[in-house]
Amino acid sequence: MHNFPGVLGDAELWRIVGLSLQVSLSAVAIAMALGLPLGAALAVGRFPGRTALVVALNALMGLPPVVVGLVVYLLLSRAGPLGDLGLLFTPGAMVIAQTILILPIAAALCRQAVEDAWREYEEQLRSLGVDGVRAALTVLWDIRFSLLTAVLAGLGRASAEVGAVMIVGGNIDGVTRVMTTTIALETSKGDLPLALGLGIVLIAIVLALNAAAQGVKEFVQRRFG
Amino acid sequence: MILPLELHDVSFSAGGRQVIGPLSLQIAAGPATIILGANGAGKSLLMRLMHGLLPPQTGRVAWQEPDPRRARRLQAMVFQRPIMLRRSVLANVQYALKVAGIAEPGRTREALAALHEVGLNSLASQPARALSGGEQQRLALARAWALHPEVLFLDEPTASLDPTATREIEAVIRAFDAAGTKIVMATHNLGQARRLGDEVIFLHRGRLVERAPVEQFFAAPRSSEAAAFIKGELPWI
């Protein structure tokens, strides 16, 4: 058993914090790299089935983490189609599951932001002879600071979820144990000080990241108008 | 050369209402053409059809250059409300040149020359969105200037500007004209039409009612609609 303030000096606790950040930030980075161009293409493109795709994407923002965990588990399990990769119960599997969870958020929020901006930019850009991928990338780059909201929403979802990482990671001590799974485990074991300490660290990290993001956004908006 | 531009029986409807045409006309190199008409006469729409931002629902818009991308490259358009990218003044002009396929170092040289032409060179490193309305419109003109277009479309470029900014914009438009760029400008400012125009195309409810040299149009309009418009006695106002 731990005592509450003392637990914050615990090396194990900071290892858990480190792995949490590593998994969630990796997932956010991958989901943004895939989701932002996808959202921009969806905003600028006009093709049959686009509306259905937009609705589906918006709906996928509410994907239950345990269901994503289950599906990724089935894919990565020894008998599953991707079982040969040997990823189940590794941080890699956790990154995959969280990426799937965040991707719809990145794409859907980006789609909305680019679509709003596109209404303003379309005539000017088409007049200059810009269309297709270049138009999408130009708008994406121009509203990059507004997209911080999508990044933060994704990060919030990743760092807060427990269901998916629990199922595909297995909450193995020293290997795949992250903040949320530890909190769940220690609470059920009755080690409330460790659970509480981790909870406070988790909230503090999320708050710090959001404050930093807001600071960056305000600075560049003053700089670039 | 992409001029002359020919419109054959062009029409456009929106919301079940015929807003343009059917209308046929030719825009040739040379005289600065002013498109006049009341709000809702179809001035902006006609320019968008000419520039290719909207496809006509019937009829044909034909440049001498059959490849639409190459025809577009030799046109530029300045809108009523300038749209600037969130970058520096200089970078906004460089962007247009980059899209047009102009490589460095010529790109930056051309961009700086264009900013100099409109008197914005001292603001080159400022964020474009921090400029005043008049400065942004001059930047829009610099962006067009850098492209050396054969035709420049202007859609009420001074509608939301004060008299000083309007004079500055008009000076740049005159410079385009002097440099041999064909000016096609929509306005409902009669003074501006007289100051900048050589000929007038007068639209009334989407139809070409009258086309005449500027002096003749204002001194002796042939149509009753144009006469009423000049007098400011429009029946629907």
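User: Is Leu53(A) buried, exposed or partly exposed?
Analyst: Leu53(A) is partly exposed, because 16 other C-beta atoms lie within 10 Å. By the cut-offs, buried takes 20 or more other C-beta atoms within 10 Å of the residue's own, exposed takes 12 or fewer, and partly exposed is in between, with C-beta atoms placed from the backbone. This is a predicted model, where local features need pLDDT of at least 70, side-chain atom pairs count only at pLDDT 80 or more, and totals for chains, interfaces and linings use all residues. Residues are numbered from 1 along each chain as its sequence is written, while chains are lettered from A and ligands numbered from 1 in the order in which they are written.

User: Thanks! Which helix is Leu53(A) in?
Analyst: Leu53(A) belongs to helix α3 (residues 50-60) of chain A. Helices here are DSSP runs (H or I, at least four residues), as are strands (E, at least two), numbered from the N terminus.

User: How far apart are Leu53(A) and Leu42(A) in space?
Analyst: Their C-alpha atoms are 8.4 Å apart, and the two residues are eleven apart in sequence.

User: Switching to chain B, which residues of α6(B) are buried?
Analyst: Those are Thr166(B), Ile169(B), Val172(B), Ile173(B) and Phe176(B). They sit on the same side of α6(B) because they cover an arc of only 125 degrees around the axis, the arc being that of the directions from the helix axis to the C-beta atoms.

User: And what's exposed on the other side of α6(B)?
Analyst: There you'll find Pro163(B), Thr164(B) and Ala178(B) exposed.

User: What comes just after α6(B)?
Analyst: Gly180(B), with a positive phi of about 95 degrees.
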